Amino acid sequence: MPEKPLVAIVDDDESHRRATQSLLRAAGLSTAVFADAESFLRSAIRASAACLVADLRMPGMSGLELYQALAASGDGIPTVLITAYADDDTRQRARNAGITCFLGKPFAADELLECIQKTLAQPRPGRPIPRS
């Protein structure tokens, strides 16, 4: 039996982090949760995560900065970026950086699951990301 894809969830909002984890587990995905980008970067999980769901605005390193740090290290992970502060400039910067999917909060469960499926279909990137 094939192993379930592992989705890492990085979000400083505990209730949102747990709700996302419950949704993804119900959809048949394995999950690991982190309260901040730095914890994820120190984790061994980063090597086996098939997808990253990260909040844009977090204390310390943002979700976009996390994605860029992973890509620059050669350990890129296809990423869904979520935010309550979606604006056209940020959306464009995320798209230019290579973010697969950008969702504004609140979003429907189906939207997130569709984004994750799209993201899981991509190979793990290993190329550096252009800075904006």
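Visitor: Which residues of E3 sit on one side and which on the other, and are they buried or exposed?

Guide: This is a predicted model. In it, Cys51, Val53 and Asp55 lie on one side of E3, Leu52 and Ala54 lie on the other, and all of them are buried. Both faces of E3 are therefore covered, and with five of its five residues buried the strand is largely enclosed by the rest of the structure.

Visitor: Why do neighbours in a strand end up on opposite sides?

Guide: In a regular strand the side chains alternate between the two faces of the sheet.

Visitor: OK, and what is the strand order in the sheet?

Guide: The order is E2-E1-E3-E4-E5, in an open sheet of five strands with parallel pairing. Strand E2 (30-34) and strand E5 (101-104) are at the edges, and each has a single partner strand, so one side of each lacks a neighbour in the sheet. From one strand to the next, the twist averages 20°.

Visitor: What holds paired strands together?

Guide: Strands of a sheet pair through backbone hydrogen bonds, either parallel or antiparallel.

Visitor: How many bridges are there between E1 and E2?

Guide: Five bridges, in the parallel sense, with E1 covering residues 6-10. Alanine 8 is opposite alanine 32 of E2.

Visitor: And what does alanine 8 stand opposite in E3?

Guide: Leucine 52. E1 and E3 are also parallel, paired over four bridges.

Visitor: How many bridges join E3 to E4?

Guide: Four, and the two strands run parallel. Valine 53 has valine 80 as its bridge partner in E4. To get from E3 to E4 the chain passes through H3, in a β-α-β crossover that is right-handed.

Visitor: What about the way from E1 to E2, which hand is that crossover?

Guide: Right-handed; there the chain goes through H1.

Visitor: Back to H3. How many of its residues are buried?

Guide: Seven of the ten, so H3 is largely enclosed by the rest of the structure. The buried ones are Gly63, Leu64, Leu66, Tyr67, Gln68, Leu70 and Ala71.

Visitor: What covers them?

Guide: The cover includes E1, helix H2 (37-42), E3, E4 and H4.

Visitor: Let's do H5. How many residues does it have, and how far does it reach?

Guide: H5 (residues 109-120) has twelve residues and reaches 16 Å from its first C-alpha to its last, close to the 16 Å expected at 1.5 Å a residue.

Visitor: Which of the H5 residues are buried?

Guide: Leu112, Cys115, Ile116 and Thr119. They span an arc of only 100° around the axis, which means they are on the same side of H5. On the other side, Asp110, Glu114 and Lys118 are exposed.

Visitor: What does the buried side of H5 pack against?

Guide: Its buried residues pack against E1, helix H1 (14-26), E3, E4 and E5.

Visitor: Now H4. Which residues are buried there?

Guide: In H4 (residues 88-97), these are Thr90, Ala94 and Ala97. Viewed down the helix axis they fall within an arc of 65°, so they line one face of H4. They pack against H3, E4 and E5.

Visitor: And which exposed residues are on the face turned away?

Guide: Asp88 and Asp89.

Visitor: Last one: where is aspartate 13?

Guide: Aspartate 13 is in the loop between E1 and H1. Its relative accessible area is 34%, which makes it partly exposed.

Visitor: How far apart are the C-alpha atoms of aspartate 13 and aspartate 55?

Guide: They are separated by 8.8 Å, with the two residues 42 residues apart along the chain. Aspartate 55 is one of the buried residues of E3, whereas aspartate 13 is partly exposed.

Definitions and conventions
Residues numbered from 1 in each chain as written. Predicted model: local features only at pLDDT ≥ 70, side-chain atom pairs only at ≥ 80, totals over all residues. Heavy atoms only, no water. Pairing = 2+ DSSP bridges. Axes fitted to C-alpha atoms, helices over the stretch in contact; angles between N-to-C directions. Expected span 1.5 Å × (residues − 1). Buried < 20%, exposed > 50% of the residue type's maximum accessible area, 1.4 Å probe, protein only. Arc of directions from axis to C-beta. Contact = heavy atoms within 4.5 Å. Right-handed = clockwise from strand over helix to strand, strands pointing away.
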